Amino acid sequence: MLRKDKLSHKLVLIIVIVNAIASILVTLTTLFLDYTDELKRVQETVHLIEYKNSESLALATWNLDKEQIEIQLKGFLHYRYLSNVKYVTWGEDSVFQFGDKVKNTFVREYSIPINYYQAQALQELGKLTLIFDIRAVWIDLIKKMLLVFGSQILKTILVSFVLYFILQRILIGPIERIASRVKEFKLGKEEIEVPDRKHFLYKKTDELDSLMLNIHEMSFELNQKHRTLIQMNAELDNLAHQRAAIILKQQKDLENERRMASLGRVAGRISHEINSPLTAAMMQVELLKEEAESENDTNKVCALNKLDGILENIKNILLSIKAFYRDSNKEQIQRVNLYEVLNEFFKDKTDDFKKKGIDFKLQNYITDDVFAKINKAQFFHVLSELVKNAQESMVAYGEMGIYVSLKKDGFSAIISVENTGERIPEDMRSKIFDPYFTTKKINSDEEIRGGGLGLTICKKFVEEMNGSIELDPTSEHTTFKIILHIA
Amino acid sequence: MAKVLIVEDEVSLVEMYKTILQKNGFETIECFNGREALRALDIHAFDLVVSDIKMPIMDGIELLGEIRKRDPKHPPVLLVSGYSEYSQQDMIEKGAIGFLQKPIRTKALIERIHEILAAPA
């Protein structure tokens with residue numbers, strides 16, 4: 001019936017065992033004490049007979065009054081546990097014996113001499129033997145003890161059941177409920193709730209309530225910590241990814257820098273090697289132009305001007321390549337009126353656009369003057385590159401248009417250069433500013449028209465002016481946006 | 001007539017310098033490296049040396065050092081280079097009168113030479 005796995009059962013079992021042992025000990029002790037008490041009582045009976053009745057028995061013996069002797073001896077049998085009385089007169093003249101015969105092992109014999117005093121002299125008249133039945137003592141004691149032990153056990157069982165009931169109701173039950181709730185608790189879900197307790201004995205808040213409350217608070221805190229931990233973990237993950245990305249970028253940058261440095265050295269050497277013959281060529285052209293001018297040969301002058309333009313272009317290309325691989329000259333940065341600079345740049349281009357059938361518009365959406373710190377030569381280079389690219393991409397299309405606009409957005413000025421040419425495919429949009437990337441077709445039948453550095457140089461130049469250049473993803477055509485800080 | 005020593009390893013450019021300078025009224029002697037230039041300086045007196053920097057055997061900067069060892073001021077040396085690594089300031093500190101970055105326009109070169117020669121020694 002008792003299950004060992006329940007605390008209340010264990011407690012009750014312990015109480016019963018301890019109580020039983022205690023009862024046995026108490027019973028045995030009482031048994032021992034009662035036994036010695038009974039033995040004392042027997043002794044007292046012997047003394048009582050010796051002092052109270054021996055004299056009258058001596059007198060009856062002296063008078064040879066047998067009847068009197070018999071009455072007295074029978075009278076002794078009323079004493080408790082005295083089962084047999086034997087009286088032998090001196091010289092064994094007469095022997096009196098009354099009572100039940102009991103086995104020698106369960107008896108205790110006491111002999112009392114019966115003396116008679118006459119004329120100051122003691123005369124022995126006989127010997128009285130009192131035989132007590134100890135078995136009767138034992139039987140009485142055992143009956144008594146059984147009663148005591150039985151009542152003790154009964155009391156123990158009653159107390160145990162009451163204890164069990166109380167324990168189960170006010171202690172074990174709530175603990176079991178708490179345990180089951182704690183067991184059901186899972187991190188990140190709802191907290192452990194405080195159960196309603198119906199108190200058995202009192203209605204005050206006790207240790208169990210505070211335990212439950214503490215567990216509730218603990219679960220609440222645990223959930224909070226769990227959530228924080230998850231959040232921190234996510235942040236840590238994010239940070240790790242960011243760091244990994246930064247390291248990857250740094251590695252790429254480093255690799256790029258190394259490549260740029262070595263390319264820079266090559267560019268420097270090439271530039272040096274070309275610059276000398278280029279100077280010679282330029283001087284030669286100038287010399288020839290002077291001669292042609294003096295001869296008024298306009299055709300020659302025109303041709304030489306074209307040639308001079310080509311050489312100037314080569315010079316600019318060399319300068320661009322060098323600039324791309326080296327830091328720009330910061331001294332050349334100047335504060336300019338953006339609309340004026342745009343006008344200045346496109347002034348010479350409008351005739352050329354007309355000739356080529358390109359619709360051109362330059363629109364200023366800003367009413368006041370907007371200034372920015374730029375390197376004018378580099379800025380013009382960027383615009384030239386964008387216009388050149390626009391013209392090249394529009395060649396195959398009927399609709400030809402270049403639309404330039406100046407807008408303001410907070411502290412930024414936005415210069416948009418839109419063309420109606422072929423839209424740059426989605427997969428190429430992210431790569432157009434990469435070095436040596438080109439959308440221009442290179443095959444044996446077609447002239448190679450781009451080295452793939454044009455837009456990279458533009459990006460570098462604009463960034464050196466603390467600005468940015470991007471491809472407008474919302475435009476239905478191809479629109480580049482140059483964003484500069486207003487200064 | 002001012003006498004100019006041209007030191008340049010690029011043959012086509014030496015020819016052009018010669019033509020242009022002579023056309024502008026200068027007397028010229030041409031060398032293709034620093035060592036040749038030093039020999040020429042031993043023989044002739046020059047009003048100006050126009051030298052390229054990167055040359056075989058002896059480069060422009062070594063030549064400049066040798067010239068300045070002989071005379072801290074005369075003749076003035078105008079250095080010319082296709083390399084943009086050198087700056088005007090660096091070259092002046094080394095003892096040059098000026099520095100020109102190739103490619104150079106005729107007008108710029110002549111103006112610079114006149115400017116140098118017109119300046120008080």
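Chain B holds an open sheet of five strands in the order 2-1-3-4-5, paired in parallel. Two strands count as paired if DSSP finds at least two bridges between them. Helices (H or I, at least four residues) and strands (E, at least two) are DSSP runs, numbered from the N terminus. The edges of the sheet are strand 2 (27-31) and strand 5 (98-101) of chain B; each has a single partner strand, so one side of each lacks a neighbour in the sheet. From one strand to the next, the twist averages 20 degrees. Axes here are lines fitted to C-alpha atoms, for helices over the stretch in contact, and angles run from 0 to 180 degrees between N-to-C directions.

This is a predicted model: local features need pLDDT of at least 70, side-chain atom pairs count only at pLDDT 80 or more, and totals for chains, interfaces and linings use all residues. Residues are numbered from 1 along each chain as its sequence is written, chains are lettered from A and ligands numbered from 1 in the order in which they are written, and side-chain values use heavy atoms, with hydrogens and water left out.

Stay with the sheet. Strand 3 (residues 48-52) and strand 4 (residues 77-81) of chain B pair in the parallel sense over four bridges. Within strand 4 of chain B, B:V80 stands opposite B:D52. Helix 1 (residues 11-23) of chain B packs on the sheet. This helix touches strand 1 (3-7), strand 2 and strand 4 of chain B, where contact means heavy atoms within 4.5 Å. The direction of helix 1 makes about 170 degrees with that of strand 2 of chain B.

Now the backbone. Most residues other than glycine have a negative phi, and most peptide bonds are trans. Chain B has a cis peptide bond between B:H74 and B:P75, with omega about -10 degrees. B:P75 sits in the loop between helix 3 (60-70) and strand 4 of chain B. The bond from B:K102 to B:P103 is also cis, with omega near -5 degrees. B:P103 lies in the loop between strand 5 and helix 5 (106-118) of chain B. In chain A, A:L64 has a positive phi, near 55 degrees, and is not a glycine. Its place is the loop between helix 1 (7-62) and helix 2 (66-76) of chain A.

Next, the charged pairs. Over all chains, the structure holds 21 salt bridges. The term means a side-chain nitrogen of Lys or Arg within 4 Å of a carboxyl oxygen of Asp or Glu. One of them joins A:E38 and A:R41, with the closest N and O atoms 3.2 Å apart. Both residues lie in helix 1 of chain A, three residues apart, about one turn of the helix.

Where do the chains meet? Contact involves 21 residues of chain A and 23 residues of chain B. Together the chains bury about 1,900 Å², 57% of it on carbon and sulfur atoms. Buried area is the accessible area (1.4 Å probe) that two parts lose on being put together, summed over both. In chain A, A:H272, A:M283 and A:L287 lose the most area to chain B, together 31% of what that side buries.

Four salt bridges are counted between chain A and chain B. B:R105 and A:E312 meet in a salt bridge through their side chains (2.7 Å, N to O). On the side of chain A that touches chain B, helix 4 (207-294) and helix 5 (298-325) of chain A are the elements giving two or more residues. Helix 4 of chain A supplies the largest share, 16 residues.
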